[in-house]
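Have it open while you read.

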Amino acid sequence: MSVTTKTSPSEVLLSHLQQNINSFAGVAELRAAALESFSKLGLPSVKDEDYRKTPITKAIEGFTFEVVKSTAINPTDFTISELEGYPVVFIDGEFSAAHSVLPKTVQVLPIQEALQSHPAIISKHLGAYADYKKDSFVALNTAGWTSGLFVHVPENIVLDKPIIVYNIIRNAGIHLQRNLIVVEKNSELTIVEKTVSSDGCFFNSVTEGAVDENSGLNYYTVQNNDGNHIEFNHKQLVQKNSSRIHAYTFTLGGKLVRNNLNLILDGSNCDSYMNGVYLLKGDSICDNHTIADHTQPHSQSNELYKGALEGKSKAIFNGRIYVRPQAQKTNAFQSNRNILLSEDSTIHTKPQLEIWADDVKCSHGCTSGQLDEEALFYLRTRGLGKDTAKAMLLYAFIGEVIDRIKIPALRSYVDHLVSDRLHKNF
């Protein structure tokens with residue numbers, strides 16, 4: 001009697017990594033270390049605390065790197081038409097020079113090319129922040145990425161328009177992307193990131209960023225994919241003295257989305273802002289894990305995530321604030337607020353504070369509830385239908401985060417996406 005042994009997702013991925021470990025020159029040592037780490041960690045199970053509520057390993061079972069390209073597309077069909085900036089287009093992981101417009105004052109190029117043209121910056125920053133020894137999916141990405149973006153902003157440069165990154169994925173299967181963002185002293189950069197994927201795609205994106213003294217980074221991520229789109233999005237950003245980071249994450253679609261946003265305030269007088277919105281329907285899952293790590297004194301972080309859940313959807317929010325012993329005079333605030341629109345929707349929220357300093361101002365909190373019935377009744381007595389009244393209340397709830405978007409055209413675009421979703425009951 002023959003016995004068929006089922007190959008686990010970890011084994012499939014490990015086999016592929018072992019065969020493709022030397023794809024790029026200049027990162028062989030880093031890839032080898034990450035491969036060893038992945039072979040030890042494997043993919044997370046329900047026993048792993050950080051993934052206990054997020055069955056991403058089960059979700060990608062059967063996904064492979066063997067993909068077949070679909071018909072040709074027109075990238076302009078997916079752009080944000082009213083948003084002016086420098087579009088940088090990737091199609092199935094390949095940089096599309098024909099559809100991209102690059103700034104002259106900032107180095108923007110595929111990360112494969114940066115390995116050769118900017119080796120000193122690559123060796124200093126790539127793999128230095130995102131910890132492949134602790135997270136399986138970071139290890140997977142570090143060992144096997146095949147594409148990505150490199151952005152280097154020299155000193156004393158304020159880019160006039162945002163860099164708009166469009167990741168257009170036509171192929172089902174597994175896609176690994178690696179990005180590196182370096183902003184030197186007294187400079188300013190804005191990035192808008194939008195992913196458009198086909199059904200049956202696992203998109204694993206890891207972004208490392210370094211923001212130097214008296215510099216700023218605004219980073220917007222828009223996730224609005226239908227179908228069986230699985231995404232792991234990890235951002236690890238480190239900032240120095242008097243720097244500023246504003247990060248925004250809008251999750252409006254996707255079967256299962258895991259967002260890690262880790263900010264390391266490794267300097268004094270840093271400002272960090274983390275903003276998020278998630279609108280979930282059906283049986284979709286969104287997991288937001290955030291870290292604000294204060295390592296030096298006189299810095300502040302402020303975090304606000306809001307979500308609305310319909311159907312059998314599930315959201316996870318795990319926000320951590322660390323205040324190290326030397327980080328006196330820290331101000332750190334965190335809030336997660338949720339509205340459950342059905343009896344079957346679920347929110348798991350876990351705000352955390354770990355403080356080793358005594359002269360600080362820190363607070364965290366979370367709320368979960370339903371729409372205000374009195375407010376709903378009031379709107380209906382004014383002649384509004386139930387669905388319209390509900391959409392108006394939800395919009396007022398979500399709008400606090402949308403109003404924080406600094407770019408008017410992008411704010412209008414996200415506002416339209418959210419409003420359209422709310423009026424269609426997600």
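Which residue is the bridge partner of Lys306 in β17?

1. That partner is Arg337. The two strands involved, β15 (residues 300–309) and β17 (residues 330–340), run parallel and pair over ten bridges. Pairing here takes at least two DSSP bridges between two strands, and the elements are DSSP runs numbered from the N terminus: helices are H or I with at least four residues, strands are E with at least two.

2. A word on the source: this is a predicted model, where local features need pLDDT of at least 70, side-chain atom pairs count only at pLDDT 80 or more, and totals for chains, interfaces and linings use all residues. Residues are numbered from 1 along each chain as its sequence is written, and side-chain values use heavy atoms, with hydrogens and water left out.

3. Zooming out, the open sheet has ten strands with mixed pairing, ordered β2-β1-β5-β7-β9-β11-β13-β15-β17-β19. The edges are β2 (94–95) and β19 (360–369); each has a single partner strand, so one side of each lacks a neighbour in the sheet.

4. Helix α8 (residues 386–402) lies across β11 (244–251), β13 (271–280), β15 and β17, at about 155° to β15. Angles run from 0 to 180 degrees between N-to-C directions, with axes fitted to C-alpha atoms, for helices over the stretch in contact; contact means heavy atoms within 4.5 Å.

5. Then there's the helix pair: α1 (residues 9–19) packs on α2 (residues 28–41) at about 165°, axes 10 Å apart. That makes the two roughly antiparallel (an angle over 145 degrees). Ser10, Leu13, Leu14, Leu17 and Gln18 of α1 meet Leu35, Phe38 and Ser39 of α2.

Key:
Parallel < 35°, antiparallel > 145°, perpendicular 65-115°, else oblique.
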